[in-house]
Amino acid sequence: MNFALSEQRALVKARAAEVFAALGAEDTSKHQRCIFPDHADQDPSFRTYGERFICTCSHGDVIDAVSRVTGLNHAQAVHWAAERISGGFSPVAARPNVIPAPLPRNGYAAQLWISADREDAYVQQHAYCQRKGIAHAFGAGRTLVSGSVVGEQADCVVVPIRENGAGNVIAVQAISDAGAKQTFGTLGDGYLLVGDERDLSAPWLVVEGWATAHAARQAERCSIVLISFGKGRLQKVAQLAADRYQPAAISILAEV
Ligand SMILES: [Zn+2]
């Protein structure tokens, strides 16, 4: 079956119990040992509630759980889970195939991303999104962040910065209500790809910053946007994406 990402996401959430079972959380009615390989849980601390889980180590929805256990990004995690539902997966076989999530180099960046709520309805209510006319999550999340630029326990949009644009989260950029931006983690060669990276014939656009990328995609709906973070990296991101994905063409949008 080949559903759009949003349909797959709805399916995965509607049948979260099956997906949690595939991850090793069999009984949804009570606390159990944490399913995450990086949490040495001595007590049964993990519980699921419908499509969400909560543990002493983290909380989130079923897709976050898949992402953390498998190391896949959000979109890939949705596909992974949806395939297991529509294909009548075997919970017994699923567990040994699971690859433990590599722990990102920067613990705080990883923690921010794991704790971020990525629901469209919640992200779009953030003051920065309201001001920029961003009416969905657009690859980002929202959580409380403490840092020298954004302040203590600031309600921020957190934008993941990924390996090869679509891989593991290596850093995050937090954006406060006032639009102050602070990066956590090691930026390295990271950037963020929004769109389906398999669509090589769509317009691929390299843009500086998350909100500008959103505006660019509004203007050209089926484009794939590659978000560069920090000044003077547009050319570099274009080169990295060209090497990695080899789309038909990549355009750099000049900073505005
Ligand atoms: Zn845990």
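**Sheets, helices and nonpolar cores of the predicted chain**

In this predicted model, four strands form an open sheet in the order E8-E10-E9-E11, and their pairing is mixed. Strands are DSSP runs of E with at least two residues, helices are runs of H or I with at least four, and both are numbered from the N terminus; two strands are taken to pair if DSSP finds at least two bridges between them. The edges are formed by strand E8 (192-194) and strand E11 (250-252), each of which pairs on one side only. On average, neighbouring strands of this sheet are turned by 25 degrees against each other, direction ignored. Axes are lines fitted to C-alpha atoms, for helices over the stretch in contact, with angles from 0 to 180 degrees between N-to-C directions.

Residues are numbered from 1 along each chain as its sequence is written. Because the model is predicted, local features need pLDDT of at least 70 and side-chain atom pairs count only at pLDDT 80 or more, whereas totals for chains, interfaces and linings use all residues.

Helix H10 (residues 234-245) lies across E9, strand E10 (224-228) and E11, and runs at about 175 degrees to E11. Contact between two residues is defined by C-beta atoms, placed from the backbone, that lie within 7 Å. Helix H9 (residues 210-219) contains the buried residues Trp-210, Ala-211, Ala-213, His-214 and Ala-216. A residue is buried if 20 or more other C-beta atoms lie within 10 Å of its own, exposed if 12 or fewer, and partly exposed in between, with C-beta atoms placed from the backbone. The buried residues of H9 pack against helix H8 (127-132), strand E5 (151-162), E8, E9 and E10.

The largest nonpolar core comprises 47 residues, and those with the most contacts inside it are Val-158, Val-172, Leu-226 and Ile-227. Such a core is a set of buried Ala, Val, Leu, Ile, Met, Phe, Trp, Tyr and Cys residues joined through C-beta atoms within 7 Å. Strand E6 (residues 169-175) gives the most to this core, with six residues. Residues up to four places away in sequence not counted, Leu-226 touches Gly-165, Tyr-191, Leu-193, Trp-204, Leu-205, Val-206, Val-237 and Ala-241.

E2 and E3 pair over three bridges in the antiparallel sense, with Asp-61 of E3 as the bridge partner of Arg-52. The loop between strand E2 (52-54) and strand E3 (59-61) holds Thr-56. Thr-56 is exposed because 11 other C-beta atoms lie within 10 Å. Its C-alpha atom is separated by 6.1 Å from that of Ser-45, eleven residues apart along the chain.

Overall, the chain has ten helices and eleven strands, and 40% of its 256 residues are buried.
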